[in-house]
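The points below may be read beside the structure.

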Amino acid sequence: MDRLPTLEEIEAAAAIVYRHLPPTPQYAWPLLAEALGCRVWVKHENHTPTGAFKVRGGVVYLERLRQRLPAVRGVATATRGNHGQSVAFAAAAHGLEARVYVPHGNSVEKNAAMRAFGARLVEAGGDFQEARETAIAEAERDGLHMLPSFHPDLVAGVASYPAELFRAVPDLDAVYVPVGLGSGLCATLAARDALSPATEVIGVVSTEAQAYRLSFEAGEPVSTNSAATVLADGMACRVPEPDAVALINAGAARILAVGDGEVAEAMRSLYRATHNLAEGAGAAALAALAQERERQRGRRVAVMLTGGNVDAELFVRVLSGTL
């Protein structure tokens, strides 16, 4: 993938997305504005049928896959949860087998949701990268289509959500976006370029998974030895996608890193101020805005609440302050 999708390509993908789900809301929450000193819109991708933004890319990819390869019988992919739910949801709509690989110790409730959407779940390896390598090998062995986590069709579908935001809230000064493998940030850059070119787009990684921040600073892909974040499993990437790095480095204003403690506080803030659940990665954008509250004082800012799929036991620990 050597370029971002155009507005025409985003709109074509959005037409597919809206056959499966409606647009999600974006609200300016006054308690967040009071706490942070700026107007804060939250884009609620926790309100999709899978509780996360990834489903938009999945339905586009699977529909176009069936058009390209009508004889395909099934797909395999690797995930920490939200991408896997997206693939399972979209595969079920097309009557395809979905085999989803997750690392050992993955979120119990995300695993349950993937199975409920019809996926066959396979545990492999100690982290996402090891699960992904197993998925690639076994998909080839068993004749399944290996569905990537970063692809033009995924990015175009995902771009429907920042396009909704930029159309609903013109003249935003800045938008904060969490980074896993990069589809969400690239999608936001594409929609920004098409609809709100003056808006700064800031990526957010975990302090325990800094591959994309290091890649931004180095100007080329930089892998890390681990991505052991406790809370932000959706950002637990240690091997970045080279195409995503190139697109992000060309368009993002900066990449910030937030720790698990900051993420936990942002999860609590979102619950108190909006009564919405946010998983760790979903709260990371607000955590980054809190880091930059003085920089953004008095401005118009949005944060992407990219998912709300957090295990109940973990969320109780976050709310109680014991984590």
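1. The centres of domain 1 and domain 2, taken over C-alpha atoms, are 22 Å apart. The assignment, from an automatic or database source, gives domain 1 as 7–53 + 152–320 and domain 2 as 54–146.

2. This is a predicted model: local features need pLDDT of at least 70, side-chain atom pairs count only at pLDDT 80 or more, and totals for chains, interfaces and linings use all residues. Residues are numbered from 1 along each chain as its sequence is written, and side-chain values use heavy atoms, with hydrogens and water left out.

3. In the interface, 35 residues of domain 1 are in contact (heavy atoms within 4.5 Å) with 27 residues of domain 2. Nine salt bridges (a side-chain nitrogen of Lys or Arg within 4 Å of a carboxyl oxygen of Asp or Glu) cross the interface of these domains.

4. Asp153 forms a salt bridge with Arg68, the closest N and O atoms being 3.3 Å apart. Asp153 also meets Arg64 in a salt bridge at 3.1 Å, N to O. Because Arg64 lies in helix α3 (residues 55–68) and Asp153 in helix α7, this pair ties together parts 89 residues apart in sequence.

5. Glu279 and Lys110 form a salt bridge of 2.8 Å, N to O. Glu279 lies in the loop between α12 (260–274) and α13 (280–291) and Lys110 in helix α5 (residues 108–116), so the pair ties together parts 169 residues apart in sequence. Glu279 is buried, at 2% relative accessible area, and Lys110 is buried at 3%.

Key: Helices (H or I, at least four residues) and strands (E, at least two) are DSSP runs, numbered from the N terminus. Buried means under 20% relative accessible area, exposed over 50%, partly exposed in between (1.4 Å probe, protein chains only).
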